[in-house]
Amino acid sequence: MITVTHNPSYSLQHPQDVLDNTTTGQSSKGLKRRKRDWIIPPINFPENDRGPFPKPMVQIRSSRDKEVQIQYSITGPGADLDPKRLFIVDRITGWLSVTQPLDREGKEKYKLFAHAIAVGDGKTEDPMEIVINVIDQNDNKPEFTKDTFLGSVPESSPKGFEFMKVTAVDKDEPGSANSDIRYTLVSQDPQQPTASMFFLNPLTGRIQLHSDGLDREKYPKYTLIIQAADMVGEGLSNTATAIITVTDSNDNAPEFHPSDYTATVPENKVGAVVVKMTVTDGDEPHTPAWSTTYKIIQGNDGGFFNVSTGPSKLEGIITTDKGLDFEKSQQYTLLVIVENDAPFATRLPTSTATVTVNVEDVNEAPIFNPVEKVVVTPENLAVGADLIAYTATHPDTANSKKVVYRTGNDPAGWLNVSKETGLIKIRSPMDRESPFVKNGRYQATILAIDNNDIPATGTGTLLIELEDVNDSAPIIEEREITVCNQDSQPVLLSVTDKDGPGFAAPFRVDLQGSSKNNWTARMDDTKTGIILKLKTKLERSRYNVVLRVYDNQGLFSDNTVNAN
């Protein structure tokens, strides 16, 4: 049987400290092996012991050590394995000793095996397991996971708002007082508006807002010194810094400076800049809580004005969206509000500006009514006859102005306009078949000019729709032909008429004079072509063939065709 005697300076976890071995048989070499009946309790040895070293821990003894000489040895990590010779055993006495201070944070438990062998007969015992627990000492102070913790809190946050956390760890034994950390708020800088703006949860390290009064514009940043102490706040300690940035909330309403504007805008001008309104805002620049937007809430019933945000984001620009009319309204009074792109964080008053817009009278051109006038008349309307009166009115009703008329663009020179009345007469014969007539219409412009110092001119367009009259006889297009004087083949002649369909085809034809003796002529099936044929053998020479061509109203022309 092996007994263990421990150093009274250190304790075992259980009262039993004896390992009994009984003989279980004889090996093939005649050695008896002992069966272990008891397991030695773990040995608790404190870390950081000051020695002197080697320092005895427990004594291992065999119950046979009075009968025979016993030699003792140990194996395992810390003995014959790394870290080697941390533990040693006296081969004769069996005292197990530690050779240097232990560090629980490096290794908290060692498992060794003790061996006993009889000198001479070689009888051995089964190895005995020895567990050495390294007892924790408070030799590590808490360490923060960061030197500096960064957090942010919106300035409009309510009391109790939790926004960041600090953390520290302790390498001492988990769950013991040596690693039980408490947090303390040591200092706050600045201490305005109160010295207790923040609350630090001593157990969790979470930081929350403790007082009202955050104001980014006055105090944009706070620096807190945080302490972490073990032993439930009474032991070793360490400190770290928490920097808290107060982020902007929209707690400052933009304000117009000034709030009254007067501007003058010429009438009829679209897109004219009326006024640029400047504002100020105390929130953080270039954020949605600082940039502005505008709205006209009164005085813009007709939709004549538009307001937009200028490039600086602190400027409202009013422009004309439609042309203003001095004769209808000479002044507008607009009420404009300004807001931020972001909604207000709290209830704030809305700033307004009053803009008085005076409309400047501009000399406007006379206006024809309608701007484009259509008149229908026969193309053979007599020269000097009245065509139509085409007049304009002056929009500047506040000032009586005289208007005179003249022709603008009259490409064929057919028209004459009365300077005083705007009555248009026929100056020269009109012709529907003229190249100046497109699709039966002749276009001319009439000008109306006022008597202002700088005259203004209005333009009206006159479209004359010419009704066709039968004033053009049909003609033969071909004027020369060549035929053979023997076995002559017929020749097809084309007939055209400048008149419209009602005064053109179907055509008919008659030969005139001596042409009847030598030629025949008839219309083709379409009644738009003439089939001419030599019926008499003639000498080789040039002959004139006279043909009379009629339109469907009987209007005719005599056409001479030279036949070779």
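**Entry 1. Charges**

I began with the charges: the mean position of the 58 positive charges of the protein chain and that of the 77 negative ones are 8 Å apart. I counted Lys and Arg as positive and Asp and Glu as negative, leaving out His and the chain ends. I placed each charge at NZ of Lys, CZ of Arg, CG of Asp or CD of Glu.

**Entry 2. What I am working with**

The model is predicted, so I ask pLDDT of at least 70 for local features and 80 or more for side-chain atom pairs, while totals for chains, interfaces and linings use all residues. I number residues from 1 along each chain as its sequence is written, and side-chain values use heavy atoms, without hydrogens and water.

**Entry 3. Overall form**

The C-alpha trace spans about 180 × 85 × 30 Å along its principal axes.

I noted two helices and 45 strands in the protein chain. These are DSSP runs numbered from the N terminus, with helices (H or I) of at least four residues and strands (E) of at least two.

I find 40% of the 564 residues buried. Buried means under 20% relative accessible area, exposed means over 50%, and partly exposed lies in between (1.4 Å probe, protein chains only). The protein chain exposes about 29800 Å², and carbon and sulfur atoms supply 48% of that area. The areas come from the Shrake-Rupley method with a 1.4 Å probe, and for residues only the protein chains shown count as cover.

I also checked contacts (heavy atoms within 4.5 Å). Of those between residues at least 6 apart in sequence, 64% join residues at least 24 apart.

**Entry 4. Annotated domains**

The unreviewed UniProt entry carries the annotation "domain: Cadherin" for residues 69-144, 145-256, 257-368 and 369-476. UniProt positions are in the numbering used here, feature names are shortened, and annotations may be inferred rather than shown by experiment.

I took the end C-alpha atoms of two of these spans. For residues 69-144 they lie 57 Å apart, and the span is 0% helix and 43% strand. For residues 257-368 they lie 47 Å apart, with 0% helix and 48% strand.

**Entry 5. Cis peptide bonds**

I noted a cis peptide bond from glycine 51 to proline 52, with omega near 5°. Proline 52 sits in the loop between strand E5 (43-46) and strand E6 (55-62).

The bond from histidine 257 to proline 258 is also cis, with omega near 0°. Proline 258 is in the loop between strand E21 (255-256) and strand E22 (260-266).

**Entry 6. Positive phi**

Valine 232 is not a glycine, yet its phi is positive, at about 55°. I place valine 232 in helix H1 (residues 230-233), and its relative accessible area of 41% makes it partly exposed.

Lysine 313 has a positive phi near 70° and is likewise not a glycine. This lysine lies in the loop between strand E25 (305-309) and strand E26 (315-320). Lysine 313 counts as partly exposed because its relative accessibility is 41%.

**Entry 7. Single residues**

Is serine 515 buried or exposed? Serine 515 counts as buried, because its relative accessibility is 4%. It lies in helix H2 (residues 515-518) and, leaving out residues up to four places away in sequence, touches Asn544, Val545 and Val546.

Phenylalanine 304 is in the loop between strand E24 (292-298) and E25. At 23% relative accessibility it counts as partly exposed. Its C-alpha is 5.0 Å from that of aspartate 321, which is 17 residues away in sequence. Beyond four places in sequence, the contacts of phenylalanine 304 include Thr319, Asp321, Leu324 and Tyr332.

Asparagine 369 lies in the loop between strand E29 (367-368) and strand E30 (372-378), and counts as exposed because its relative accessibility is 67%. Its C-alpha is 30 Å from that of threonine 319, 50 residues away along the chain.

Glutamate 467 belongs to strand E37 (residues 457-467) and is partly exposed, with a relative accessible area of 40%. Setting aside residues up to four places away in sequence, I list its contacts as Val376, Thr377, Pro378, Glu379 and Arg432.
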